[in-house]
Amino acid sequence: LLGRWHPADQPADARRAAALLLLYPGDTGPALVLTVRHPDLPHHGGQVSLPGGGLDVGESPEAGALREAHEEIGLPPGAAEVLGQLSSLWVVVSRFVVYPVVAVASARPRLAPSPDEVSAILEVPVARLHAPDGVRWGRRTRAGLDVICPFFSVDGPPVWGATAMMLGEFCTLLDPA
């Protein structure tokens, strides 16, 4: 199966979702927001993720990412300016095609986690993603197989999977060398 996989493969019946990579001035330079998902959520409970979720019918990824960030972390409407999108990502385990949206706020926004969806909000300095120990390797079990894969170490829970892939693309765009 994996030998036939291609990154552009996205089933026609896949659900659409958006995620917001929100940048803003932090204490030590540019920072971004990650969330720890509530453990009772049906998809990816307890995992670290970007704010986001399913798109409504006819909703653009940009509008959906901002709406979800308002619902999940209390990002005020109009507090962030959308810069663009990263590559869409087919997440096989949840059958979502995720559209990562990059936005910037001119000041650190006042955020509050939605208690039904978010256990914690993490502020991560962008420099932490580029630190020598920012990316590590660890073992995960998927479908009964042990897999060695990279993850981001952000002085909190590890950032694996789709979120790590989106952050990896973002970091590559910042430092393409």
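Student: Which charged end sits over the ring of F96?

Tutor: First, the general idea. A charge sits over a ring if NZ of Lys or CZ of Arg is within 6 Å of the ring centre and within 35 degrees of the ring normal. Here the charged end belongs to R15, 4.2 Å from the centre of the F96 ring. R140 likewise lies over the face of W160, at 4.4 Å from the ring centre. This is a predicted model: local features need pLDDT of at least 70, side-chain atom pairs count only at pLDDT 80 or more, and totals for chains, interfaces and linings use all residues. Residues are numbered from 1 along each chain as its sequence is written, and side-chain values use heavy atoms, without hydrogens or water.

Student: What are the buried residues of helix 3?

Tutor: Helices are DSSP runs (H or I, at least four residues), numbered from the N terminus. Buried means under 20% relative accessible area, exposed over 50%, partly exposed in between (1.4 Å probe, protein chains only). In helix 3, the buried ones are T163, A164, M166, L167, F170 and C171.

Student: Why do they line one face of the helix?

Tutor: Take the directions from the helix axis to the C-beta atoms; they define the arc. The buried residues of helix 3 fall within an arc of 160°, so they line one face. The face turned away from that buried side carries exposed M165 and L173.

Student: Which residues have the most contacts inside the largest nonpolar core?

Tutor: A nonpolar core joins buried Ala, Val, Leu, Ile, Met, Phe, Trp, Tyr and Cys residues through side-chain atoms within 4.5 Å. The largest has 27 residues, and L21, L32, L34 and L167 have the most contacts inside it. Helix 3 gives this core its largest share, five residues.

Key: Helices (H or I, at least four residues) and strands (E, at least two) are DSSP runs, numbered from the N terminus.
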